[in-house]
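Let's take a friendly walk through one protein model, strand by strand and helix by helix. Have the structure open as you read.

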Amino acid sequence: MVTFPVHLGIAGTHGTDTTRLTRRIEMELRATGLTVTRVGGLAKRAADLGFPKMTRHTPTSTEWIIAFGTAAALEAELTSDIVIADGTAHTALAYYLAAAEHRSQRPALADLDRLTALTELHTSRQALILATVLDPAAPFDIPAGKDPDYSDTAFRARVDRHLHKILTEQRPDYLPVPHSEHAAAVQTTVATVLDTLETP
């Protein structure tokens, strides 16, 4: 028997249209009559509070994003059939690992073990996880006022590499989504959710 709500996770480095993908999935699921809540903007909220971001990401900022994302998803459960995380705990961990690599630092084993365990714990309820795949040739718009790190192509590539490594190890059933296959991924996700809901 299916227990509501169904949790979905969308992961990916910045500039790979994760939010647009999430919104498309949300819109298609709403069209079926389901109540959907999208949880996102966690990195921005963390930065607004003063936590370091991008290449300055730390174990503490990573843990806050994971914890706040979990709390927001639990709150969304109160009113939703479907909860979609626009940015999973895997994404936060990938950013931290990429930031440490950028700074030529080796993460402390205790920090890495704790963050890995938290990531596994707080994404265990996500029935399906999609992760965009960085395509360096795809258009990459840089909005005005963005952190200078946003345009660092090497950093983006590090995040993408760490993310897919983490997901391969933790969630080998995840769905990689190349830039050209977003539309197909939306349809696959909606079909999977509806099939899950119909399964006794």
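## Strands side by side

In this predicted model, His7 stands opposite Val83 in β3.

## A covered strand

Is β3 mostly covered or mostly open? Strand β3, residues 82-86, is mostly covered, with five of its five residues buried.

Now follow the side chains along the strand. In a regular strand, side chains alternate between the two faces of the sheet. In β3, Ile82, Ile84 and Asp86 point one way, while Val83 and Ala85 point the other way. Both sets are buried.

## Two helices packed together

Next, turn to helix α3 (residues 59-77) and helix α4 (residues 89-102), which pack with their axes 9 Å apart. The angle between them is about 170°. Angles over 145 degrees count as roughly antiparallel, so α3 is roughly antiparallel to α4.

Which residues of the two helices meet? On the α3 side they are Pro59, Thr62, Ile65 and Ile66, and they meet Ala89, Ala92, Leu93 and Tyr96 in α4. The residues of this contact divide into seven nonpolar, one polar and no charged.

Terms used: Residues are numbered from 1 along each chain as its sequence is written. This is a predicted model: local features need pLDDT of at least 70, side-chain atom pairs count only at pLDDT 80 or more; totals for chains, interfaces and linings use all residues. Side-chain values use heavy atoms; hydrogens and water are left out. Buried means under 20% relative accessible area, exposed over 50%, partly exposed in between (1.4 Å probe, protein chains only). Helices (H or I, at least four residues) and strands (E, at least two) are DSSP runs, numbered from the N terminus. Two strands pair if DSSP finds at least two bridges between them. Axes are lines fitted to C-alpha atoms, for helices over the stretch in contact, and angles run from 0 to 180 degrees between N-to-C directions. Angles under 35 degrees count as roughly parallel, over 145 as roughly antiparallel, 65 to 115 as roughly perpendicular and the rest as oblique. Contact means heavy atoms within 4.5 Å. Ala, Val, Leu, Ile, Met, Phe, Trp, Tyr, Cys and Pro count as nonpolar, Asp, Glu, Lys and Arg as charged, and the others, Gly among them, as polar.
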